[in-house]
Amino acid sequence: MNKYEIMFIVRSDIDEDTRKNTVKALEKILTDSKTTITLSKELGQKEFAYEIKKMKSGYYYLYNIETDSNEVTKEFDRVARIDENIVRHLILKIED
């Protein structure tokens, strides 16, 4: 079983419903592939150290997952790159 930590930042200039739908869509990628989400945390809105795509802040989310396949992380990465509401994302494999 592989363990991963996923962090992503959602734009702060969108309405709350759009933000929640973006997070649900990314979460659905994880749950549809029989991945176990061990931690799901909204870290809130934070200021960036520098402007990213002319934005000064964003909503941070943190997930820890366990999965047998690394295909789920590839799909998450693909969708996060395409989604215009995601400012940045990071997927780290946690070694035991």
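Helices (H or I, at least four residues) and strands (E, at least two) in this talk are DSSP runs, numbered from the N terminus. Hello everyone, and thanks for coming. This is a predicted model, where local features need pLDDT of at least 70 and side-chain atom pairs count only at pLDDT 80 or more, while totals for chains, interfaces and linings use all residues. Residues are numbered from 1 along each chain as its sequence is written, and side-chain values use heavy atoms, with hydrogens and water left out.

Let's start with the sheet. It is an open sheet of 4 strands in the order E2-E3-E1-E4, with antiparallel pairing; two strands pair if DSSP finds at least two bridges between them. At the edges sit E2 and strand E4 (86-94), each pairing on one side only. On average, neighbouring strands here are turned by 20° against each other, direction ignored. For angles like this, axes are lines fitted to C-alpha atoms, for helices over the stretch in contact, and angles run from 0 to 180 degrees between N-to-C directions.

Now the helices. H1 packs on the sheet and touches E1, E2, E3 and E4, and its direction makes about 20° with that of E3. Contact here means heavy atoms within 4.5 Å. Helix H2 (residues 71-82) lies across E1, E3 and E4, and runs at about 165° to E4.

Why do I call strand E3 largely enclosed by the rest of the structure? Because 11 of the 13 residues of E3 (residues 55-67) are buried, and buried means under 20% relative accessible area, exposed over 50%, partly exposed in between (1.4 Å probe, protein chains only).

On one side, 10 bridges join E3 to strand E1 (residues 2-11), running antiparallel; Tyr60 of E3 is the bridge partner of Ile9. Strand E2 (residues 36-52) is joined to E3 by 11 bridges, also antiparallel. E2 and E3 form a hairpin with 2 residues between them, and Lys53 in the turn has a positive phi of about 50°.

Let's zoom in on Ser57, which lies in strand E3. With a relative accessible area of 11%, Ser57 is buried. Which side chain makes a polar contact of 2.8 Å with that of Ser57? The partner is Gln45. By polar contact I mean a pair of N or O atoms within 3.5 Å; within protein, one must be able to donate a hydrogen and the other to accept it, and residues adjacent in sequence count only if both atoms are side-chain atoms. Leaving aside neighbours within four places in sequence, Ser57 is in contact with Ser12, Gln45, Lys46, Glu47 and Phe48.

Finally, Glu27 lies in helix H1 (residues 16-32). Glu27 counts as partly exposed, at 29% relative accessibility. Not counting residues up to four places away in sequence, Glu27 touches Ile37, Ser40 and Tyr63. The C-alpha atoms of Glu27 and Met55 are separated by 24 Å, with the two residues 28 apart along the chain.
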